[in-house]
Amino acid sequence: MEIRPITQNLGAEIRGIDLTSMDAEAHTTIEEAFSRYLVLCFREQKLEPGDMVELASRFGGLGETPYLSGLEDYPDVVPVIKEAFEKSHHTFGSGWHTDFTFQTCPPARTLLYAVDVPSKGGDTLFANLQEAYEALSQGMKENLSKLRAIHSATRSYGPDASLKDHLENMVITNEDKEPELQSHPVIRKHPVTMKPSLWINPTYTIGFEGMTEQESQPLLEYLNNLIVEERFRCKVVWTKGTLAMWDNRCTQHSASSDYAGHRREMWRVTTAGETPINFANG
Ligand code: SIN
């Protein structure tokens, strides 16, 4: 297995492994690389939907996927599709976010497999939330470690959300009433590496617990801008047959909507997560 880092601090490309026949030794090597690089891109894979389910089981068990409909025979495998002829350029997953942080136990990982990709564009950007945390001053680290943030699905899947109108070839069901709010620590401790992450995102984090919207917004804006600075980012350029697996406990991502007139199809599964734990040491 060849592991080649994408940047100094985030992402690695992996070649020389067929994920459908991963043995225990390869699994251990992959888990070590995952803890180090947080986003892994396995090139030249040939996967069927059943393989995605099997891989999710090997990497922690399937997560719960509300709002998005999966493949008929594999409901946990969500086709993320943009056809060449669609009216809107808007891609599913564009806009920085961490997957499903509105859940009580948000998914630990997401696995995304490139079935069909445009010849150019449609890349996915990732940001390292551990590095973003480390860039904060000691005072800010200490203050944020006392805060919890409120997460909600409302902007994407609430009664008034327009995401589904931009994705004519995906089946998305909005809530008919305001979605439940979820409170999570702002500084999250990784359950495996114990490293702290600045764990908010502009799609699902709507404010800080015990603070008004007016009070929350300036701080959220500052932190959201910091997280996506170039120094914390890497870019995954997809090729057909690439499977990316990323860590939702310490990264954000954003899909690029820059391939109008071309087709892109991905299959997506998530793995089960744990209750986010506060990193209290500041
Ligand atoms: C996602 O956000 O789950 C999908 C990202 C992508 O299609 O690149």
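## Buried spots, loops and cores

Me: Does Leu38 count as buried or exposed?
Reply: Buried means under 20% relative accessible area, exposed means over 50%, and partly exposed is in between (1.4 Å probe, protein chains only). Because its relative accessibility is 2%, Leu38 counts as buried.

Me: Good start! What pLDDT do local features need in this predicted model?
Reply: Residues are numbered from 1 along each chain as its sequence is written, and side-chain values use heavy atoms, leaving out hydrogens and water. In this predicted model, totals for chains, interfaces and linings use all residues, side-chain atom pairs count only at pLDDT 80 or more, and local features need pLDDT of at least 70.

Me: Where is Leu38, in terms of helices and strands?
Reply: Helices (H or I, at least four residues) and strands (E, at least two) are DSSP runs, numbered from the N terminus. Phi of Leu38 is near 70 degrees, a positive value in a residue other than glycine. Most residues other than glycine have a negative phi. Leu38 sits in the loop between helix H1 (24-37) and strand E3 (39-42).

Me: Glu44 also has a positive phi. Is Glu44 buried or exposed?
Reply: Phi of Glu44 is near 55 degrees, and Glu44 lies in the loop between E3 and helix H2 (49-58). Since its relative accessibility is 63%, Glu44 counts as exposed.

Me: On to helix H6: what is its span from first C-alpha to last?
Reply: H6 covers residues 213-227, 15 residues in total.

Me: Which residues have the most contacts inside the largest nonpolar core?
Reply: A nonpolar core is a set of buried Ala, Val, Leu, Ile, Met, Phe, Trp, Tyr and Cys residues joined through side-chain atoms within 4.5 Å. The largest has 29 residues, and those with the most contacts inside it are Phe92, Tyr157 and Trp238.

Me: And how many residues are in the second core?
Reply: This core is separate, and its members include Ile17, Ile30, Ala56 and Tyr113. Its residue count is 24.

Methods. The expected span of a helix is 1.5 Å times one less than its number of residues.
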